[in-house]
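Reader: I would like to go through this structure step by step. Please show it, and then I will ask about its parts.

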Amino acid sequence: MSSRTEGALAHHFETLEQQAEAGALGMWAFLIQEVMFFGGLFTVYLVYRTLHPAAFVQGSAHLPIDLGTLNTGVLIGSSLTMALAVRGAQLGRGKNAALFILATMLLACVFLGIKGLEYSHKWHDQLVPGLNWNPGPDADAHLNLFYALYFVMTGCHALHMLIGLALMVVVARKAWRGGYSPGNFLGVECLGLYWHFVDLVWIFLFPLLYLLGRHGPHS
Amino acid sequence: MVLIHEQASLMSEHGHVLPLRIYFGVFFALLAGTALTSWVATIDLGHLNDAVALAIAGTKAALVILFFMHVRYSSKLIWVFSLAGFVWLVLFFVLILADYETRVPVQGWG
């Protein structure tokens, strides 16, 4: 969110277009770094799943496929409302943008609520490695690896959503008060890019955690 | 310079603001992809399950990047940036797997 100019052009840029392009490029550089961050986690997943496929099949089969699918739909919906918020800002409709950001926040809260419900079920089933772990006698010896990855990956994703929610409060306030204009809405655009990235991560997390391995090699 | 400026302003006036039907079209395509991937997971395709799930996820990701993130309508530089991270990631995966998939236990080394 580098744009602090109140509808003005920063002195080191020649045009608003150049300023917007530089801002978006900077946001993409940040997102590449985020790809690297989650890429590390996906690599751990890849290696451990290669080494212990049976544990991942068993772990994946415990996750609720219906809640996972529902949550994917909710997050895709929040991406749509965020895209519409950016469109509103592009057209100079600040209040419209603010309301769509508010809708995005509501959907994000629904997602986090469902996620919390899943976490509480895992706690109840004693499937939280390190804190409350008692998977029973039939569990694969490496089942804890799957659940550790499940909590770290979805936890990092949820943390990104919480950060996104905080940013949305700031940007929605500014949009509501007319702080953006059709040529100068970098804050909304970068927030949009960030939120779509959060959606992208989940698009891969959902099949890798909830779906993959359901029909892999059964132990 | 003037030409570049004119091109840029034209883009922000016309090319950038997408019609609503594109956003809703992408939204429904993403929902359809989600339903499809959940349904396909219940069918046993052997090793193909992984490939199908990742192909659907990759398609969904491409839709989000190209349309929701506007990369389809952005400059070449943004194209390069958006691709760089994923290309690097694929390289990373391939090299890691090339290691783990070719490891053999050595006799006498525990």
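**Helices, chains and pairs**

Author: The model is predicted. Helix H6 of chain A covers residues 186-211, which is 26 residues. At 1.5 Å a residue the helix should span 38 Å, and its end C-alpha atoms are 37 Å apart, so the two values agree.

Reader: At which residue does the kink in H6(A) lie?

Author: The bend is about 30°.

Reader: Why is H6(A) said to be largely enclosed by the rest of the structure?

Author: A residue counts as buried when its relative accessible area is under 20%. H6(A) has 26 residues, and it is largely enclosed because the number of them that are buried is 25.

Reader: Which elements make up chain B, in order from the N terminus?

Author: Chain B has 4 helices and 0 strands. Of its 110 residues, 31% are buried. Read from the N terminus, the order is α-α-α-α.

Reader: Which helix gives the largest share of the side of chain B that touches chain A?

Author: In the interface, 53 residues of chain B are in contact with 49 residues of chain A. The area buried between the two chains is about 4,400 Å², with 79% of it from carbon and sulfur atoms. There are 5 residue pairs in polar contact across the interface, both residues at pLDDT 80 or more. On the side of chain B, the elements that give two or more residues are H1, H2, H3 and H4 of chain B, and the largest share, 14 residues, comes from H4(B).

Reader: Which residues form the salt bridge between chain B and chain A?

Author: The structure holds 3 salt bridges over all chains. One partner lies in helix H3 of chain B and the other in helix H1 of chain A, so the pair joins two chains. Across this interface the rule finds 1 salt bridge. At 3.0 Å, N to O, its partners are Asp50(B) and Arg49(A).

Reader: Are these two residues buried or partly exposed?

Author: The cut-off for buried is under 20% relative accessible area. Asp50(B) has 23% and is therefore partly exposed. Arg49(A), at 16%, is buried.

Reader: How far apart along helix H4 of chain A are Glu118(A) and Lys115(A)?

Author: The side chains of Glu118(A) and Lys115(A) meet in a salt bridge of 3.4 Å, N to O. Both residues are buried. An α-helix has 3.6 residues a turn, so residues three or four places apart point the same way. Glu118(A) and Lys115(A) are 3 residues apart, which means a separation of about one helical turn.

Reader: Which residue's side chain is joined to that of Thr104(A) by a polar contact?

Author: Thr104(A) lies in helix H4 of chain A and is buried, at 0% relative accessibility. A polar atom of its side chain lies 2.7 Å from the backbone oxygen of Phe100(A). Beyond four places in sequence, Thr104(A) is in contact with residues including Met168(A) and Trp195(A). The side-chain partner, at 2.8 Å, is Thr81(A).

Reader: What separates the C-alpha atoms of Val110(A) and Leu75(A)?

Author: Val110(A) is in helix H4 of chain A and is partly exposed, with a relative accessible area of 40%. Setting aside residues up to four places away, Val110(A) touches Asn71(A) and Val74(A). Val110(A) and Leu75(A) are 35 residues apart along the chain, and their C-alpha atoms are separated by 8.9 Å.

Technical notes: Residues are numbered from 1 along each chain as its sequence is written. Chains are lettered from A and ligands numbered from 1 in the order in which they are written. This is a predicted model: local features need pLDDT of at least 70, side-chain atom pairs count only at pLDDT 80 or more; totals for chains, interfaces and linings use all residues. Side-chain values use heavy atoms; hydrogens and water are left out. The expected span of a helix is 1.5 Å times one less than its number of residues. The bend at a residue is the angle between axes fitted to the seven residues ending there and the seven starting there. Buried means under 20% relative accessible area, exposed over 50%, partly exposed in between (1.4 Å probe, protein chains only). Contact means heavy atoms within 4.5 Å. Buried area is the accessible area (1.4 Å probe) that two parts lose on being put together, summed over both. A salt bridge is a side-chain nitrogen of Lys or Arg within 4 Å of a carboxyl oxygen of Asp or Glu. A polar contact is a pair of N or O atoms within 3.5 Å; within protein, one must be able to donate a hydrogen and the other to accept it, and residues adjacent in sequence count only if both atoms are side-chain atoms.
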